Amino acid sequence: MKKKIHAIITLTVSFIMIMALSVVDNADASTRVPEDGLYKVEVPDPAPMCKILAEDNNTCDLLVKDGKMTAVFRLNSDGYDKIYVGTKEDAAVADQSEWIYRTEEKRTTVDEGVEITTTICTYEMPVEALGTGISVATHSISKGETSGSNYIKGWYDRTFIFSNPRGLTTEEADSIIKSTQNIEMLRFAAEAKTGILPSEYDALQQKYDETEAARAAAVTAKSKAESTVSNLNTTVNNLNAKIAVMGTKVGGVKAKAYRSSHKITVSWSKNSKVTGYKVYRATSLNGSYKAVKTTTSNTATIKNHKKGKTYYYKVIGYKNVAGSNVYTKDSAICVVKAK
């Protein structure tokens with residue numbers, strides 16, 4: 001009987017030890033630093049008003065390079081502009097070089113015909129250990145009361161926990177390749193997706209760099225060509241406008257003298273190709289004509305005449321083209337005797 005009891009106790013202890021070792025092993029798997037590479041890790045929302053981007057399902061990327069871990073995560077709000085690994089008190093007095101600023105991606109969606117643009121904010125944060133709470137201060141740029149959904153601008157304490165690293169799926173690797181600008185993430189994502197060796201990556205990167213340089217050169221050439229065409233279009237339009245003004249003249253010029261005021265009124269037909277008119281006067285047909293009136297109307301009243309003296313008037317139209325006035329041909333000259 002004693003032997004049976006001893007056997008049962010031995011089996012029970014063995015089972016408990018196996019289960020304990022299994023728990024420890026699972027715990028180690030969720031918290032140990034994985035080999036260099038790119039992984040997905042679980043990350044609960046740090047706070048009710050600080051959540052991981054909904055489409056990421058409380059996961060983010062974990063980049064491991066030379067044994068050092070970096071979490072690359074996206075927040076569900078653009079109300080924060082930077083973070084700091086530490087408390088809000090430490091963040092407030094830390095050197096600004098220690099602040100971690102977000103990178104932004106503009107995303108436009110259409111909802112019932114209405115375009116909606118949102119800002120996706122990404123952060124790259126060093127991680128000392130997995131499976132344990134990390135103090136992180138987030139800096140709010142929202143304005144408003146602390147009640148409701150708005151925070152007063154400033155630092156707020158959060159706790160981030162990263163755990164359970166796993167390898168990428170092909171779809172996840174493909175998504176990272178299309179979106180990341182981090183060269184190490186691109187490298188590991190490419191390896192995860194295609195199985196290429198690190199030694200082959202240099203050739204891939206060189207081809208990428210050459211292709212990107214060619215694309216950038218083509219964009220620059222296109223931009224210059226478009227700029228040249230735009231400048232030529234402007235020049236052509238300006239020349240057409242100048243030709244239109246210089247090829248016409250003001251018509252229907254008449255002058256009438258008034259005895260009571262000794263004034264002379266000059267009138268003419270409006271010209272659609274100009275925006276203003278200058279009235280010139282001389283005391284002889286072939287004399288020196290001087291401008292005596294500038295107007296946008298098609299009539300002008302001139303003073304300072306000597307009774308019984310004959311005066312000669314002409315009108316020239318003008319228009320400002322590309323910063324300078326362009327003038328029409330001289331109108332026909334009209335003659336009037338002052339009363």
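Trainee: After which strand is Lys339 found?
Mentor: This is a predicted model. In it, Lys339 lies in the segment that follows a strand spanning 334–337. That strand is E18.

Trainee: Is Lys339 buried, partly exposed or exposed?
Mentor: The relative accessible area of Lys339 is 38%. Buried means under 20% and exposed means over 50%. Because 38% falls in between, Lys339 is partly exposed.

Trainee: Which residues gather with Lys339 in a patch of positive charge?
Mentor: The patch is on the surface, and Lys339 is one of its residues.

Trainee: Why is strand E13 described as largely enclosed?
Mentor: In a regular strand, side chains alternate between the two faces of the sheet. In E13, one side holds Gly276, Lys278, Tyr280 and Ala282, and the other holds Tyr277, Val279 and Arg281; both faces are covered. E13 is largely enclosed by the rest of the structure because the number of its residues that are buried is seven of the seven.

Trainee: Which residue of E16 is the bridge partner of Tyr277?
Mentor: E13 pairs with E16, residues 310–321, in the antiparallel sense over seven bridges. Within E16, the partner of Tyr277 is Gly317.

Trainee: Which residue of E15 stands opposite Ile264?
Mentor: Strands E12 and E15 run antiparallel and are joined by four bridges. E15 has an uncovered face with Thr299 and Thr301, and a covered face with Ala300 and Ile302. The residue opposite Ile264 is Ile302.

Note on methods: Residues are numbered from 1 along each chain as its sequence is written. This is a predicted model: local features need pLDDT of at least 70, side-chain atom pairs count only at pLDDT 80 or more; totals for chains, interfaces and linings use all residues. Side-chain values use heavy atoms; hydrogens and water are left out. Patches are made of residues with over 30% relative accessible area and no salt bridge: like charges are joined within 9 Å, nonpolar side chains (Val, Leu, Ile, Met, Phe, Trp, Tyr) within 5 Å. Accessible areas come from the Shrake-Rupley method with a 1.4 Å probe; for residues, only the protein chains shown count as cover. A salt bridge is a side-chain nitrogen of Lys or Arg within 4 Å of a carboxyl oxygen of Asp or Glu. Lys and Arg count as positive and Asp and Glu as negative; His and the chain ends are not counted. The place of a charge is taken as NZ of Lys, CZ of Arg, CG of Asp or CD of Glu. Helices (H or I, at least four residues) and strands (E, at least two) are DSSP runs, numbered from the N terminus. Buried means under 20% relative accessible area, exposed over 50%, partly exposed in between (1.4 Å probe, protein chains only). Two strands pair if DSSP finds at least two bridges between them.
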